[in-house]
Amino acid sequence: MSVPSTSLQTSPSGIARLRARLAAPPEAAKRVQFRRPLLPWLLLAPQLAVVATFFYWPSAQAVISSFYIEDPFGFGATFVGLDNYADAVGSSEYIRIAGFTVMFTVIVTVLSLAIGMLLAVKADKVIRGRPAYRTALIAVYAIAPPVAGLIGMMLFDQHIGSIVRFAALFGWNMQVGLSYWDTAFAMIVVAVWLQIPYNFIFVLSGLQAIPSAVREAALIDCRNGLRRFRTVILPLLAPTAFFLMIINITYALFDTFALIDVMVKDKPANNPITLVYKVYLDGFRGNDIGGSSAQSVILMAVVLVLTLFQFRYIERRVHYG
Amino acid sequence: MNRMKPFDHLILILGTLFMVSPIAIAVMTSTHTAADIHANGLSLLPGGHGFETYETVLTRQGGFTGQVTGTRMMMNSVILGLGFAVGKIVFSMLAAYALVYFRFRFATVMFWVIFTTLLLPLEVRIMPSYQVMSGLGLLNTYTGLIVPLLASATGTFYFRQFFKSVPDELLEAARIDGAGPVRFFIDVLIPLSRTMIAAIFIIMFVYGWNQYLWPMLMTTDERFFTLMRGIKQILQVWIGSQIPDYNEAFALAVLALLPPVVMVVVFQSWFIKGLTESDK
């Protein structure tokens with residue numbers, strides 16, 4: 001709603017302003033407002049009730065449980081301070097899974113952004129066929145992670161998988177589900193595949209929000225297409241790309257849960273899993289409520305830091321960009 | 001620039017093939033028999049056994065209790081998608097209206113109380129959420145399936161952004177005409193938000209339909225299984241069987257992906273508008 005399509009100078013300050021508007025946080029509230037003592041609270045009540053019951057209560061519970069060791073048979077809990085945290089972070093298994101999570105997140109974030117951006121830039125360039133490409137790519141957006149996991153598992157299946165057969169042509173004996181790195185490879189391919197459309201949609205609409213006057217001016221100033229992209233288009237896309245990076249990181253950390261659950265089929269013994277999956281395993285399979293809660297709290301802290309970083313960064317761009 | 005076009009199309013075609021071929025393979029392979037798939041692998045051509053497979057998946061009484069069919073799971077997915085989308089729109093429109101159009105004490109605090117929920121996804125608090133639900137006796141109910149998912153502020157955020165873009169003059173004019181807050185909301189704001197409501201409905205329906213983790217935790221009773229839960233189920237049955245029912249798994253996957261895909265593709269302009277204009 002905030003990007004004007006006309007009336008923008010093509011001077012550097014115009015570009016800076018456009019960039020600022022692309023990344024700007026919402027403006028202040030309305031000039032004119034109603035004043036009623038009770039009505040706003042009535043309007044807020046349903047949302048607040050749900051948020052309190054199903055967000056704040058469990059979140060607080062997670063923080064509290066993380067300081068206790070709960071008896072598995074339900075006979076009370078013992079306060080253990082930071083022991084759960086120390087146990088979680090200190091175990092070599094946790095470190096190994098954290099390492100994999102970081103690697104998985106970085107690869108999925110970078111690849112889905114890069115491929116999505118490449119396809120969007122190309123789709124923005126061509127005129128004929130753009131709606132067809134867009135439709136095809138958007139279709140994949142609507143697919144649920146567990147369905148993607150199921151289809152991915154079939155493509156990587158030992159007996160019937162097309163990708164396994166293809167890899168065999170190059171002498172790669174792919175064993176998804178048995179070999180740690182082959183499973184990791186399959187998980188990354190499916191996770192990237194599923195996230196490309198989101199990146200594509202946002203970069204494409206970001207590109208199309210750039211006024212044609214800016215493009216035409218750039219075309220006159222600089223004949224080299226790649227350089228023009230790097231010096232004019234890419235800086236204008238920077239806020240979108242940054243936003244997508246954060247979204248991709250949260251996707252790789254959390255939304256891939258279903259995909260992993262389907263692909264490792266409850267047998268994570270020798271298969272790569274992420275930290276969120278470990279929270280689930282320890283809590284529901286291992287009945288280690290304290291340990292699982294401590295890991296939850298660690299993950300909450302990671303997300304909070306990420307989000308605050310995002311707010312700070314965007315704000316700085318607006319003021320000094 | 002014109003010289004580059006064939007190369008651009010080549011990249012786009014390769015990219016599109018990479019993206020779309022898994023869906024095509026799933027649809028086509030689901031029409032072959034399990035033995036055929038076992039012998040010949042996945043297929044990009046139709047097989048001619050589609051009707052039987054889909055009929056079996058939709059009507060056979062499966063699961064441990066024999067109480068769940070594909071149709072039942074599909075119905076549960078529709079209930080979850082619809083309930084979630086409608087609930088989200090109602091709750092978040094009301095809340096966003098209060099936050100944008102009213103001056104009251106603690107408005108800023110309420111803003112943060114609601115928007116903090118955007119920071120922490122459900123996945124990091126699954127264990128305590130489950131305990132809260134079981135404490136409230138909401139396991140294996142539609143309420144327990146739908147209502148807790150409403151506790152995120154995405155919809156409120158969308159509507160807040162939209163309401164802010166509505167010109168102030170409309171409210172001024174309405175007030176001069178003597179309209180109160182309820183009047184203004186019903187006669188001006190709702191008609192004005194129609195496209196936005198449609199866009200959010202699509203986004204939220206897809207989101208609700210595609211839920212996996214929450215239904216998996218909430219429903220142990222098979223009568224409440226959604227299609228996503230069914231996918232986990234069909235894979236668990238596989239362990240130890242001679243020739244897995246590849247065809248049925250693919251048919252279930254196709255049933256699970258078709259409604260959201262069709263919805264998003266048909267309403268793509270609304271969908272993109274809703275997604276990109278308010279998510280920044």
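Two residues count as in contact here if their C-beta atoms, placed from the backbone, lie within 7 Å. With that cut-off, 79 residues of chain B are in contact with 80 residues of chain A. On the chain B side, H1(B) gives the most, with 12 residues. By class, that side has 53 nonpolar, 15 polar and 11 charged residues. The classes work like this: Ala, Val, Leu, Ile, Met, Phe, Trp, Tyr, Cys and Pro are nonpolar, Asp, Glu, Lys and Arg are charged, and the others, Gly among them, are polar.

A quick note on what you're looking at: this is a predicted model, where local features need pLDDT of at least 70, side-chain atom pairs count only at pLDDT 80 or more, and totals for chains, interfaces and linings use all residues. Residues are numbered from 1 along each chain as its sequence is written, while chains are lettered from A and ligands numbered from 1 in the order in which they are written.

**A helix pair across the chains**

Helices (H or I, at least four residues) and strands (E, at least two) are DSSP runs, numbered from the N terminus. Take helix H5 (residues 130–141) of chain A and helix H1 (residues 5–29) of chain B: they pack at an angle of about 35 degrees, and their axes are 9 Å apart. The axes are lines fitted to C-alpha atoms over the stretch in contact, and angles run from 0 to 180 degrees between N-to-C directions. From H5(A), the contact uses A:Tyr133, A:Ala136, A:Leu137, A:Ala139 and A:Val140, and from H1(B) it uses B:Leu12, B:Thr16, B:Met19, B:Val20 and B:Ile23. Sorted by class, the residues of this contact are 9 nonpolar, 1 polar and no charged.

**Chain A**

Chain A has 13 helices and 2 strands. Of its contacts between residues at least 6 apart in sequence, 70% join residues at least 24 apart. Buried residues make up 40% of the 321 residues in chain A; a residue is buried if 20 or more other C-beta atoms lie within 10 Å of its own, exposed if 12 or fewer, and partly exposed in between, with C-beta atoms placed from the backbone.

Helix H12 (residues 275–285) of chain A has 8 of its 11 residues buried, so it is largely enclosed by the rest of the structure. Among them are A:Lys278 and A:Asp282. Just after H12(A), A:Asn287 takes a positive phi of about 55 degrees.

In helix H13 (residues 289–320) of chain A sits A:Leu306, which is partly exposed, with 15 other C-beta atoms within 10 Å. Leaving out residues up to four places away in sequence, A:Leu306 touches A:Ile246 and A:Ile249. A:Thr250 is 56 residues from A:Leu306 in sequence, but their C-alpha atoms are 8.9 Å apart.

**Annotated spans**

| Span | Helix and strand | End C-alpha distance |
|---|---|---|
| Chain A, residues 184–210 | 93% helix, 0% strand | 38 Å |
| Chain A, residues 231–254 | 100% helix, 0% strand | 34 Å |
| Chain B, residues 78–99 | 100% helix, 0% strand | 31 Å |
| Chain B, residues 106–122 | 53% helix, 0% strand | 26 Å |
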